[in-house]
Amino acid sequence: MSFIGWSQILLFFALVLAVTKPLGAYLFRVLEGDTRPLPRVLGPVERLLLRLCGSADRREQTWVAYASSLLAFSLFSVLIVYGLQRAQHLLPLNPQGLGAVGPELAFNTAVSFTANTNWQSYAGESTLSYFTQMVALAWQNFVSAAAGIGVALALARGFTRRPGPDGQKTLGNFWVDVMNATLYVLLPLCLVYALFLVSQGVLQNFAPYSQGVTLEGASQTLAQGPVASQEAIKTLGTNGGGFFNANSAHPFENPTPFTNLVQMLSIFAIPAALTYTYGKMAGDTRQGWALFAAMSVLFLAGVAAVYAAEAQANPALSAAGQVAQAGNMEGKEVRYGVAASALFAAVTTAASCGAVNAMHDSFTPLGGLVPMVNMQLGEVVFGGVGAGLYGILVMVVLSVFIAGLMVGRTPEYLGKKIEAREMKLAMLYVLVFPLFTLGFSGLAAVLPQGVSSLNNAGPHGLSEILYAYTSGTANNGSAFAGLNANTPFWNVTLGVAMLGGRFLMMVPALAIAGSMVGKKVVPAGPGTFPTHGVLFTGLLVSVIVIVGALTFFPALSLSPIVEHFLAGAGKLY
Amino acid sequence: MFSTFLTALRTCVVTMVLTGLLYPLSVTGLAQLLFPGEANGSWVKDGRGRVVGSALIGQGFTREGYFHPRPSAAGSGYDGAASSGSNLGPTSLKLKERAAAELERLRRENPDVAGPVPAELVTTSASGLDPHLSPEAARWQAARVARARGVALERVLNVVDALVEGRTFGVLGEPRVNVLLLNLALDRRFGPLPDAAPGVGGGGSPGQGAP
């Protein structure tokens, strides 16, 4: 580890801190407030779009209606993305003449992009046409992020709305939330951001792949495409699906250390800002900063661990002797080096983005452990766009419940009582994640269809399996990419894991919102446990760590942890 | 229920046109207007005006008079249509064997150079298209290049130093040298290598070690 490496990490964190308040205040203004920018230009556009969508009435929805809208929207999304892939050979903008995508792969990809996961069993440059990348995938990159923001807003409204004398049942309107998030947040930011990326060298064209001759006279084909427009929403919407196989390590996706910094910042920007937005909704910004603080503690601990691990030499190369290693450079790009690769790995897995600028499969055992743990904490360390906020709010419910047990009072949060129904739903939310992750990992570890896809033997092979289902269920999408996931077994099981990790967690979150929104607000008394101080933040961090550790420690000790000790002893597979 | 489905379908179509068509087409239009060079691949030309690749994408070099890039796991090496890392983990026997073979090749190609080999030269990058070397990894090869070109080592090192890019804003990323631009600078300074001269190098088939 070096001083300059840490400066880079702290500079990044300072920028995240700097954007949280202004962007959070803007999000509050356009998503919850009445004043939106450029009312004379965008106002009519917004009204026209909502009328075309059939939701011009902006009718408030109950949690059931909100959840039904989300599910119906996601169902059509999956069907359309599936259909576009299956028919891409018939559609325009396919200069390479790429054929139709096979059914299992098309299913996996359709689910993956609808669920904001962007797990990729395919290599973009050899599988998908420009039309599929744009119309199917970029589209879902936008709306799956917008839907995540919608669910987070609904849960936040559940906690923060004050019921009037007639009670309160509604949580907002899903269609309006999706449209506002797309039109006022994602689209304008992406437009500017994509042009910045192009200025740095990211491609944006529809040309066929170039057939060139190198300086030494060999032929070299270079893939082309509308990359920058997709790259922008890939990171801003915490999607993570690369245009090319190598994702943000590809120089045409992420050409310079400057674009690398901006990509990382764009991954954290909205999840971090939403904590501030939440504080504004609660009428007490300290509530939001407490969540931000808990996330920051966990994030910085993760960065320190992965940076320390990756600054170590790769044992497989040391054994060969005579190699000067300033860190583990297998699977890393020279322009980022160890520090910016370690930071990117921590950022992309803490947030449920899944873009990578280095190959996690080639990380040291403990360096690969950290991204896995980041996801296994439930994607609440800033987390996905929206998903991070609703995830940590469920953890807040658990924390105030445990605090209530300790002092013998009915737990309450923001003046609303947390009761048996909410606790059951929160536990359901918490248990769905290990069910899919560990259940499928166990299955894949014993079935020949599972283990035949591994790229590495020994405990690292188990890490590849565990990483894949963790990433799928957590809707992250990064991979220990040596795993050949493009087989019917992996495509189908990962598809199911992604569906479970998205919708079986969103629906309980919305149900909690529905049962909280109508509760009377009790004024804070001397016995109220404050949920904005250091004590609460510490408790929240502990609950997140304990839940994650209890669930996944046994599996992790069989994969990266045992690999760490075997690597130290010079054992190779 | 039916009305929810209808709204869902209509919203799908509207958002698809907006974000899947209008947005990328607008970005393409603006990009082609404002940054046509970058948007189309950042191509570079040699002294004769021939396009020899992209400044951002690494390419294979095997001749002794050129600096060599890192090993690549993209296709059969620097395949710009098949980006990939090796994805071999730290306890992989394959990785150890591959690194040992690279090391052996580097020692054979650079008999005059003592001292440890910089790690980049035996490791594959994440994309397989890494255009850069660390300044140390370039300097390490300079003696071979100087001998093959029949020029003083000092002069080759000067070319390397002139092309070192520092950290962005002094903190971001790592110092590096672009291998293609470096080799073009060599050709400019010392004259191009003769075409496929048998006595000079390995004959120019990428991915193969020099004899």
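Modeller: In this predicted model, helix 13 of chain A, residues 365–376, packs against helix 19 of chain A, residues 534–568, with the two axes 9 Å apart and at an angle of about 170°. Because that angle is over 145 degrees, helix 13 of chain A counts as roughly antiparallel to helix 19 of chain A. On the side of helix 13 of chain A, the residues that meet its partner are A:P365, A:L366, A:L369, A:M372, A:V373 and A:Q376, while helix 19 of chain A brings a set that includes A:G548, A:F552, A:L556, A:I561 and A:H564.

The crossing of helix 7 of chain A with helix 8 of chain A is right-handed. Among the residues that make the contact are A:L186, A:L189 and A:Y193 of helix 7 of chain A, together with A:A228, A:I233 and A:L236 of helix 8 of chain A. Here the contact residues divide into eleven nonpolar, two polar and one charged.

Now let us turn to a pair of strands. Strand 1 and strand 2 of chain A pair in the antiparallel sense over four bridges, and A:G212 has A:Q220 of strand 2 of chain A as its bridge partner. The two strands of chain A form a hairpin with five residues between them, and A:G217 in the turn has a positive phi of about 95°. In a regular strand the side chains alternate between the two faces of the sheet. Strand 2 of chain A has A:Q220 and A:L222 on a covered face, and A:S219 and A:T221 on an uncovered one.

The loop between strand 1 and strand 2 of chain A holds A:T214. Is A:T214 buried or exposed? The relative accessible area of A:T214 is 4%, and because this is under 20%, the residue counts as buried. Leaving aside residues up to four places away in sequence, A:T214 touches A:Q220 in chain A, as well as B:R50, B:V52 and B:Q59 in chain B. The C-alpha atom of A:T214 is separated by 51 Å from that of A:V545, which lies 331 residues apart from it along the chain.

Terms used:
Residues are numbered from 1 along each chain as its sequence is written. Chains are lettered from A and ligands numbered from 1 in the order in which they are written. This is a predicted model: local features need pLDDT of at least 70, side-chain atom pairs count only at pLDDT 80 or more; totals for chains, interfaces and linings use all residues. Side-chain values use heavy atoms; hydrogens and water are left out. A crossing is left-handed if the near helix is turned anticlockwise from the far one by less than a right angle, and right-handed if clockwise. Contact means heavy atoms within 4.5 Å. Ala, Val, Leu, Ile, Met, Phe, Trp, Tyr, Cys and Pro count as nonpolar, Asp, Glu, Lys and Arg as charged, and the others, Gly among them, as polar. Buried means under 20% relative accessible area, exposed over 50%, partly exposed in between (1.4 Å probe, protein chains only). Two strands pair if DSSP finds at least two bridges between them. Axes are lines fitted to C-alpha atoms, for helices over the stretch in contact, and angles run from 0 to 180 degrees between N-to-C directions. Angles under 35 degrees count as roughly parallel, over 145 as roughly antiparallel, 65 to 115 as roughly perpendicular and the rest as oblique.
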